[in-house]
Amino acid sequence: MKFFFFHLMPYAALDPDYDKKHNSAWVTLPNSYYDPKIGHALYNRYLDELEYADEVGFDGICVNEHHQNAYGLMPIPGVMAGALARRTKNVKIAVLGRALPLLNNPLTVAEEYAMLDNLTGGRLIAGFVRGIGAEYHSWGANPAESHDRFHEAHDLILRAWTEPGPFPFEGKYYHFQYVNCWPRPYQQPHPPIWIPSQGSRETIEWASAPERKYTYLQTFSPVAALARYMQMYRDAAAGYGYTATSEQVGWSVPIYAAETDAIARQEAKPHIEFFLNKLLRMPPEMLLPPGYLSLQSLQGIMQAKRTITGGPQTIDDVIEKAVFLCGSPATLRAKIEQYQSEIGFGYLLPMMQFGTLPHELTRKSTEIFAKEVIPYFRTQTARSAAE
Amino acid sequence: MDYAETFATIDGCKIRLMRGGAGSPLLFLHGARGASAWLPFMDELAKHFDLIVPEHPGFGGSDTPDWLDNVGDLAYFYLDLIGGFGLERVNLVGTSLGGWIAAELAVRCSDRLRSLVLSAPAGIHVKGLPKGDTFMWSAAETTRNLFHDQTLAEAALQRPVSQAEQFIEMKNRLIMAKLTWQPRLYNPHLHKWLHRIAVPTLILWGDDDKIIPTGYGPAFAGRIPGARLEIIAKCGHLPQVERSDEFVAKVVGFIRETDA
């Protein structure tokens, strides 16, 4: 199993009373709540934390893309990836954006990723996402075109990376006389592609198709849902006539490690609850604009009446559902080993900073995790390889 | 008044439509909420006209064709429907989205039209005059913002909604997003060609419209030759529902005038 340190870069200084006046930390929360001096300090602190993950032995680091919100301050994740490219030496750098349907010209992503791949000598992992529903309000992109634009933009980028240019591209949404990507990607035929999602049959069937075999990442879901979607991926692969490897599935989850379970819970509690109840706060109209999900998927949600933005959540709710892993190294080793053996993901993406978690605790938790959890799985891999 | 519910296939798309009454044809084009039910104002209009109420492609009980990308597609569809049904001297009435379709249709070809009524139509943008964001509002907020008289809004909110109706609401919202999300509720080129509308035109607007502000009335009226603008007092975005008597009287009266 490989470990990728995931960061959202939240605006941790957000006034917690904002929700007395505003119904969300997204889209319409006035940017007067943002203080650039604090932002300057936060960006540099967060980059330090990502660089630290390289020093202590994570296999990779991940940056992320969201727009017009306090939840994550990386609307243009390539800026962060560029900063990290020169300061890190070993880790893979995964950009777990870019939200392709938001773009009028997806060739910008082909170029940006190719630059990062050249700069890092092939340490880039290329993420493609649709973005969450709120993005469609923020950027004015049409949610009803989201799936179609995603597929067409993906096809365009892949051809830009793999076909000798110049060539014309004749799509429904994108049309170019001369596609001719300079620079070409460093990795051949192209960087590994990861598809983060909150779970969608359409996405899983598409990502697992034999001509793609992209790594599917389940983000921010209870472990039960994780198991269901990973199985869906394996079943889809089997339906295509091949066996999916563990490298094709990954899990992104907030994690906090401390000396004991009690200390971990006590230290993490206010910060994970700030994340859940303040930063994730969003009305359903913002989260699921019409067309973002197919009618069929929407009906399923309507019947289940479930949404990630329900009532207030406590640390105990999310620990119980394993939406959040929190505890001593022994507890974390046991949980991860159990889920890994049951579900079989090849990548774990711990989000070691969440909500208002301060730098000292983020660093302490990262260090404990790197020293006392990750090595256990290295030897486990060696053990099972030897068996 | 009796009406018949039927299906018709035009341009390869099967649509559901309701038709009742007799006389000269009146084609009614619905707004964002579709036209699932035969409403009281339709009953009244059917006393004077051969009233035809289709559900647009993509809405309610109609199919969603592959060719449907924008409101202009619906304008051509209805030109083909008018031709296909063999209708002559059609009175075209559209509300909100339906008003936008009607305006797009009329700038393309007014030959088969006798009159045009646009009630709180979408379709153009006036700088500094923002429209309500029905995609961001909750369902309850939207319902409240549709009406001037909040007792009507509360009554609408109390009415139980079946699963089948919920499904139709979702389907209608999805196609509304596809057609109107960006640019929001307008075609940047329509305003340039409204002068091509060559039939007597009445524009109706509630004086308390929170979806498309009443200020859009003069903007439309000023661009359509000879158009008359009438403001309905104490009325929101749905004059045909909130002030149905006045709406029907104005539509019937205007069409009679065009005969004179």
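This is a predicted model: local features need pLDDT of at least 70, side-chain atom pairs count only at pLDDT 80 or more; totals for chains, interfaces and linings use all residues.
User: Which residues are joined by a cis peptide bond?

Analyst: In chain A, such a bond joins A:Trp182 and A:Pro183, with omega at about -5°, and A:Pro183 sits in the loop between β6 (175–179) and β7 of chain A. In chain B, B:Gln182 and B:Pro183 are joined by a cis peptide bond whose omega is about -10°, and the place of B:Pro183 is the loop between α6 (163–180) and β7 (201–206) of chain B.

User: Is helix α5 of chain A mostly covered or mostly uncovered?

Analyst: It is mostly covered, since twelve of the 17 residues of α5(A) are buried. Among these buried residues are A:His147, A:Phe150, A:His154, A:Leu158 and A:Trp161.

User: Which residues touch the most other members of the largest nonpolar core?

Analyst: In soluble globular proteins, nonpolar side chains tend to be buried together. A nonpolar core is a set of buried Ala, Val, Leu, Ile, Met, Phe, Trp, Tyr and Cys residues joined through side-chain atoms within 4.5 Å. The largest one here has 131 residues, of which A:Phe128, A:Trp161, A:Phe275 and A:Phe369 touch the most other members. Helix α7 (residues 223–240) of chain A gives the most to this core, contributing eight residues. There is also a second, separate core of 69 residues, which includes B:Ile15, B:Leu17, B:Ile52 and B:Leu81.

User: How many aromatic pairs are there over all chains?

Analyst: Rings of Phe, Tyr and Trp (its six-membered ring) pair if their centres lie within 6.5 Å, and planes under 30 degrees apart count as stacked, over 60 as edge-to-face and the rest as tilted. The count by this rule is 31 aromatic pairs over all chains. One of them is the tilted pair of A:Phe4 and A:Trp194, at 4.8 Å centre to centre with 55° between the planes. Because A:Phe4 lies in strand β1 (residues 2–6) and A:Trp194 in strand β7 (residues 193–197) of chain A, this pair ties together parts that are 190 residues apart in sequence. A:Phe4 is buried at a relative accessible area of 2%, and A:Trp194 is buried with a relative accessible area of 2%. In chain B, the ring centres of B:Phe77 and B:Tyr78 are 5.1 Å apart and the planes stand at 80°, so that pair is edge-to-face; both B:Phe77 and B:Tyr78 are buried. Ring pairs also link A:Phe3, A:Phe5, A:Phe58, A:Phe369, A:Tyr376 and A:Phe377 into a cluster.

User: How many residues does each chain bring to the contact between chain B and chain A?

Analyst: Chain B brings 17 residues and chain A brings 22, where contact means heavy atoms within 4.5 Å. The two chains bury about 1700 Å² between them, with 68% of it on carbon and sulfur atoms (buried area is the accessible area, for a 1.4 Å probe, that two parts lose on being put together, summed over both). B:Met136, B:Met170 and B:Trp181 supply 39% of the area that chain B buries against chain A, more than any other three residues.

User: What is B:Thr64 in contact with, leaving aside its neighbours within four places in sequence?

Analyst: With those neighbours left aside, B:Thr64 is in contact with B:Gly58, B:Lys171 and B:Ile175. B:Thr64 lies in the loop between β4 (50–54) and α2 (71–84) of chain B, and it counts as partly exposed because its relative accessibility is 45%. From C-alpha to C-alpha, B:Thr64 and B:Phe135 are 21 Å apart in space, and they are 71 residues apart in sequence.

Note on methods:
Residues are numbered from 1 along each chain as its sequence is written. Chains are lettered from A and ligands numbered from 1 in the order in which they are written. Side-chain values use heavy atoms; hydrogens and water are left out. Buried means under 20% relative accessible area, exposed over 50%, partly exposed in between (1.4 Å probe, protein chains only). Helices (H or I, at least four residues) and strands (E, at least two) are DSSP runs, numbered from the N terminus.
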